[in-house]
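Okay, everyone, thanks for coming. Let me put today's model up on the screen, and then we'll walk through it together.

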Amino acid sequence: MALTHEDVRKIATLARLRLTPREEERFAGQLSDVVDYIDQLQGLAAETPETAVEGMRERVDQPGECLPRETFLANAPASLDAFLLVPEVKGSGDA
Amino acid sequence: MPELWELSAEEIARRVRAREVSAAEVLESCLDRTARVEPLVGAYLEIFEGESRARAAEIDRRIAAGEDPGPLAGVPVALKDNLSLTGRAVTCGSRILAGYLAPYTATAVERLLAAGAVPLGRANMDEFAMGSSCESSVYQCTRNPWDLARVPGGSSGGPAAAVAAGSVPLSFGSDTGGSIRQPAAFCGVVGVKPSYGRVSRYGLVAFASSLDQIGPMACNVRDAALGLQMIAGADPRDATCAEEPVGDYLETIEEGIAGLRIGVIREIDAERLGGDVARNWRESLDRLAAAGAELVEVSVPGIGAAVAVYCVIATSEASANLARFDGVRYGFRSPGADSLADLYFESRSEGFGPEVKRRLMLGTFALSSGYCEAYYGRARSVLERMRWELDAALEQADLLVTPTAPSAAFLLGEKVDDPLAMYLSDIFTTPANLAGLSAIAVPSGVSADGLPLSLQILGRRFAEAGVLRAARAFERELGWVVAPGFRGAEVMPS
């Protein structure tokens, strides 16, 4: 399945990526190659005669100690008191 | 008399605990060796010079006080750049984590410290562990110590090269589709991908959470076993980490493989790889037989689809896991954005490199409305089938073997522009991740032009003891010594 430039732009938007025209060109070709390759999955046997059910262990929902807020905020690109600072939220509508 | 940097981790710890040598002397020897090989190889993004000296001094102080610092007393180790150590940078080889300092220590690293290990540095990797050559790191190029024109493999190329170059006897990486085993193969060292759930992932930056595992790399199987022993076992901070008890790997490691049934997978035709890999594969099977194993043929019809399944599952999980990198809470933030939406787009577009973008796009596509059932859903079903087939094969045989990689180390730049060719270098390693099996890459000889080749041994989930024991028997039969020639260097480092 060949991905068009339109497909690539749509996927990039979903992935919150902005591509340059050159990246768009390159990814359209490369991703089409990979999608062609993974298309082999469509024709394969996928019935499983018996599957051992292995669920994830449930953890007791117990409040525990957290790392202090300052520790995390120390990594923030911008913060004010106990808050993360970001540019204004309204504006570009595509997020 | 070998230099201290030439000793195994086991021997270093023995001598340090017996007060025959100090942790500080061992560390200085390794730092010296690192200073000589690092300009050629480039395995590290950072050397923890001050901190490692302080830790070694602390080990010596504890020894002097009559305490036992543990089974890795004074052993210098390298950590892949996706393992957290409080207060140290963790960048995953990516610009988007530039400036990030780990606010906590990974459970595996915490256990290494508790065992007396001395982290010597942070080793290079493909960006977010996405790659098979270490070339997608945005920070530097790591070269293969056997031939400096070649890749060390990836994504744990730095940890593999660090061990092969003699900088440290033991390093730790992560393996999502072969990221420990393939670079171990390319650099002529041993690499273990533990069963899913054997080692806590707490503090490992997530790539594909249903596949990621932390594991050791070393010059010999005993050291790899010792490294795994230290980090394995239940952890309440990782709900996917199993309660399954951890055996004593070194206790049974010398027991050999006489009478074990070792399965050769019919659908993997190693002869088709031709040349040295095919020749080495035949020799490896002969060695296993010479060591007393019974070779049996098993069938895993779906194994040919492993890379295709991996491409879908790993990228889908990555697209969800890497959504957290948005320029808000940590790491790189684009300076130019003037709205929140722009901040997400610009920070991610400037912060991620091409391979990560490619995989995020593929994963986003595989999970997107209209395609999710056809790609992600289908891949999950094929995965379940493959898992069932592998489990059935491991009923007929105690262990399975394959070559670790379809070729020896390739040239730098050779596959950079052909992502699919790069993905296919993981063709033999991905099944163990998809099925959650235990696996090891063990050196199996050299190609005609002197590059290391490797045998992969797979075992049932939590059968690490058997896998290590078989690898040790194979290693003994082969008589392997890690001795890279630094081809391309003007002067061989001392």
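So, how are α2(A) and α12(B) oriented to each other? Before I answer, some housekeeping. This is a predicted model, where local features need pLDDT of at least 70, side-chain atom pairs count only at pLDDT 80 or more, and totals for chains, interfaces and linings use all residues. Residues are numbered from 1 along each chain as its sequence is written, while chains are lettered from A and ligands numbered from 1 in the order in which they are written.

Back to those helices. Helices here are DSSP runs of H or I with at least four residues, strands are runs of E with at least two, and both are numbered from the N terminus. The axes of α2 (residues 21–38) of chain A and α12(B) come within 11 Å and cross at roughly 55°. An axis is a line fitted to C-alpha atoms over the stretch in contact, with angles from 0 to 180 degrees between N-to-C directions. Under 35 degrees is roughly parallel, over 145 roughly antiparallel, 65 to 115 roughly perpendicular, and the rest oblique. Therefore α2(A) and α12(B) are oblique to each other.

Who meets whom there? On the chain A side it's F27(A), Q30(A), L31(A) and V34(A), and on the α12(B) side R358(B), M361(B) and L362(B). Contact means C-beta atoms, placed from the backbone, within 7 Å.

Zooming out, 42 residues of chain A are in contact with 48 of chain B. On the chain B side, α11(B) gives the most, with nine residues.

Chain A itself has three helices and two strands, in the order α-α-α-β-β. Of its 95 residues, 16% count as buried. Buried means 20 or more other C-beta atoms within 10 Å of the residue's own; 12 or fewer is exposed, and in between is partly exposed.

Now look at α5 (residues 157–164) of chain B: eight of its eight residues are buried, including P159(B) and V163(B). Just after α5(B), G166(B) takes a positive phi of about 85°.

Last stop, the largest nonpolar core, with 183 residues. A core is a set of buried Ala, Val, Leu, Ile, Met, Phe, Trp, Tyr and Cys residues joined through C-beta atoms within 7 Å. Helix α10(B) gives the most to this core, with ten residues. I457(B) is among the residues with the most contacts inside it. Setting aside neighbours within four places in sequence, I457(B) is in contact with residues including L399(B), V442(B) and V467(B).

Technical notes
Two residues are in contact if their C-beta atoms, placed from the backbone, lie within 7 Å.
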